[in-house]
Amino acid sequence: MSELLIQAGRAALARMRRDGLRPADIAVIPAAAGGPKGLILQKIDQWLFGEWLPQAPRERMLIGASIGAWRMAAACHADPVAALQRLGDLYCEQRYPHKPSAQFVTDTCRRMLADFIGGHEEEVVSHPRHRLHILASRGSRWLAAPKARGAAMAGFGAAILGNLLSRSGLARHMERVVIGDAHAPADWLRQRFDAFATHFARLAPDNLDSALLASGTLPFIMEPVRGIPHAPSGTYWDGGLIDYHLALPYSRISEVERGGLVLYPHFGPHIVPGWFDKQMPWRFAHRARDAHWLDNVILVSPTRRFLERLPNRKLPDRNDFVKYGLDHDARTADWQRAIAESARLRDELAAFVEKPDLSRVKPLTPA
């Protein structure tokens with residue numbers, strides 16, 4: 001039984017039937033928000049960016065939100081394998097007192113970013129082939145500049161209620177900001193594709209850390225980021241609030257015949273549009289009216305069989321900070337064990353690439 005689920009859109013599957021899965025065909029790698037869940041992709045990331053993709057050097061867009069943006073920033077280091085290892089180690093080693101303040105969590109994440117990215121800013125934003133794009137959410141209306149926690153709570157309450165009715169309800173309270181490589185203007189995102197106003201800003205060495213921090217800033221758990229150099233002024237929160245699993249119009253990317261495939265390593269089988277949509281399966285991207293956006297996407301994720309062999313029989317997640325409490329060593333050990341187990345996912349994907357068995361590929365988009 002497989003431990004890796006492989007799903008593909010119609011155009012992607014047709015391409016694989018003809019040519020297999022080749023690194024030269026991969027144009028985009030998305031990376032989801034999800035906190036500690038992203039740790040489970042470390043071994044796949046190290047193989048992709050350290051071994052497989054370098055076999056066919058080409059310009060590629062790496063786009064992520066929250067932990068996904070951090071993973072993609074690691075991939076843009078000159079030594080991506082070492083950077084991904086450092087990111088995983090630093091993330092596992094986070095330690096918080098009982099009920100830490102939002103300022104404490106923010107300061108901890110700032111230090112983690114400094115240890116992870118400090119001194120490598122120019123290297124990351126000037127990678128010769130990888131074009132990094134970071135997603136963040138900018139508040140509007142009541143969330144544009146809340147003066148106190150109560151105002152922010154009211155603003156998020158209104159946003160959640162709006163989102164219950166439709167994604168466009170959330171769009172009245174938040175805007176998408178794409179902070180990305182100036183050499184790749186992300187044309188496929190510039191023509192409006194959903195209800196959210198989308199702004200674009202230049203990624204540079206002097207805003208890399210603040211963009212990454214903003215992309216992973218959880219409301220109330222952390223202090224919002226107020227202002228990012230070169231980006232629209234305002235108050236910023238986690239990019240996953242709007243783009244949790246990056247349900248984006250990938251089919252707009254240059255025709256599959258030119259190698260415009262999207263390879264999406266993910267920690268789950270579904271693409272959930274926004275963080276507030278987690279309990280709304282009818283909004284999942286492959287079930288929504290815009291499912292054709294995924295035609296050129298290949299989604300790889302762990303199966304239930306894989307999860308059964310992890311500590312607690314599940315992916316690491318933020319609830320572990322509560323479950324383990326102040327037993328930081330136990331949590332760190334279990335998270336590191338989960339990362340080590342992910343080598344099985346890497347090996348299965350590498351074997352599939354070497355000898356594709358298309359009978360095991362499941363449809364990602366409707367027939």
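Trainee: A pocket is an open set of points on a 1 Å grid over the protein atoms alone, where a 1.4 Å probe fits and protein lies on both sides within 12 Å along at least five of seven lines. What volume does the second largest pocket have?

Mentor: About 450 Å³, counted as the space filled by probe spheres set on the points. The model is predicted, so local features need pLDDT of at least 70 and side-chain atom pairs 80 or more, while totals for chains, interfaces and linings use all residues. Residues are numbered from 1 along each chain as its sequence is written, and side-chain values use heavy atoms, without hydrogens or water.

Trainee: Changing topic, where is Pro 36 found?

Mentor: Pro 36 sits in the loop joining strand S2 (26–31) to helix H2 (42–52); helices (H or I, at least four residues) and strands (E, at least two) are DSSP runs.

Trainee: Is Pro 36 buried or exposed?

Mentor: Pro 36 is buried, at a relative accessible area of 0% (buried is under 20%, exposed over 50%, with a 1.4 Å probe and protein chains only). Beyond its neighbours within four places in sequence, Pro 36 contacts Tyr 91, Pro 316, Asp 317, Arg 318 and Trp 335, a contact being heavy atoms within 4.5 Å.

Trainee: How many residues apart in sequence are Pro 36 and Pro 316?

Mentor: They are 280 residues apart in sequence, yet their C-alpha atoms are 5.3 Å apart in space.

Trainee: Which buried residues does H13 have?

Mentor: His 328, Arg 331, Thr 332, Trp 335, Ala 338, Ile 339 and Glu 341. They pack against H2, helix H4 (80–92), helix H11 (304–307), helix H12 (320–323) and helix H14 (343–354).

Trainee: What does Arg 344 touch?

Mentor: Arg 344, in helix H14, touches Glu 3, Phe 306 and Arg 309, leaving out residues up to four places away in sequence. Arg 344 is buried, with a relative accessible area of 17%.

Trainee: How many disulfides does the whole structure have?

Mentor: A search of the whole structure gives 0 disulfides, that is, cysteine sulfur pairs within 2.5 Å.

Conventions
On a 1 Å grid over the protein atoms alone, a cavity is a set of points where a 1.4 Å probe fits but cannot get out, and a pocket is an open set with protein on both sides within 12 Å along at least five of seven lines; lining residues have an atom within 4 Å of a point.
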